[in-house]
Amino acid sequence: MKKFFKDALKVSIASLVISITLYVVIIAFFLLSVVTANIFGTVIKIVVPILILVTILGFIYSFFIKGKQKIPFITLHFVSLCALSFGIYLAVSFQGFAP
């Protein structure tokens, strides 16, 4: 495990893969939320904090990557953080409109 966290590129790649997987889980449960809206709320409460932590970890480790791969990883993690922040903003903004 020590070797894994010493290699910034591996941590950043793993973070991106986990982030994409969690986004797919959120989208899949959103599409199924017509049937099970209660489960969607529970999944969001569990997945979103994990997604935030994983994305921030990957973003920080992206600064320690050496070479030309640094900029794409920083950009991908930044876009992920922006999408997550916008989603949270929309959820808070429209919270009063839902029945």
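**Pocket, helices and rings**

Mentor: The largest pocket holds about 530 Å³ of space. This is a predicted model, in which local features need pLDDT of at least 70, side-chain atom pairs count only at pLDDT 80 or more, and totals for chains, interfaces and linings use all residues. Residues are numbered from 1 along each chain as its sequence is written, and side-chain values use heavy atoms, with hydrogens and water left out.

Trainee: What makes a space a pocket?

Mentor: On a 1 Å grid over the protein atoms alone, a pocket is an open set of points with protein on both sides within 12 Å along at least five of seven lines, whereas a cavity is a set where a 1.4 Å probe fits but cannot get out. Grid points are joined across faces, edges and corners, and the volume is the space filled by probe spheres set on the points.

Trainee: Which residues line the largest pocket, and which lie nearest its centre?

Mentor: The lining has 15 residues, and Ile 44, Val 48, Gly 87, Ile 88 and Ala 91 lie nearest the centre. A lining residue has an atom within 4 Å of a point. H2, H3 and H4 each supply at least two lining residues, and H4 gives the most, with 7.

Trainee: How many helices and strands does the protein chain have?

Mentor: There are 4 helices and 0 strands. Helices are DSSP runs (H or I, at least four residues), as are strands (E, at least two), and they are numbered from the N terminus. Along the sequence the pattern reads α-α-α-α.

Trainee: How do you know that the span of H4 is close to the expected one?

Mentor: The expected span is 1.5 Å times one less than the number of residues. H4 has 24 residues and reaches 34 Å from its first C-alpha to its last, close to the 34 Å expected.

Trainee: Why is Tyr 89 called exposed?

Mentor: Buried means under 20% relative accessible area, exposed over 50%, and partly exposed in between (1.4 Å probe, protein chains only). Tyr 89 has 53% relative accessibility, so Tyr 89 counts as exposed. Phe 63, at 41%, is partly exposed, and so is Lys 70, at 27%.

Trainee: Which residues of H4 are buried?

Mentor: Phe 73, Ile 74, His 77, Ser 80, Leu 81 and Leu 84 are. The buried residues of H4 pack against helix H2 (8-31) and helix H3 (37-62).

Trainee: What is Lys 70 in contact with, leaving aside its neighbours within four places in sequence?

Mentor: Lys 70, which lies in helix H4, is in contact with Ser 62, Phe 63 and Ile 65. Contact means heavy atoms within 4.5 Å.

Trainee: How many aromatic pairs are there?

Mentor: Rings of Phe, Tyr and Trp (its six-membered ring) pair if their centres lie within 6.5 Å; planes under 30 degrees apart count as stacked, over 60 as edge-to-face and the rest as tilted. By this rule there are 3 aromatic pairs.

Trainee: Why is the pair of Phe 59 and Phe 63 called edge-to-face?

Mentor: Their ring centres are 5.1 Å apart and their planes stand at 80 degrees, so the pair is edge-to-face.

Trainee: And why is the pair of Phe 86 and Tyr 89 called tilted?

Mentor: Their centres are 6.4 Å apart and their planes are at 35 degrees, so the pair is tilted. Phe 86 and Tyr 89 both lie in helix H4 (residues 70-93), 3 residues apart, about one turn of the helix.
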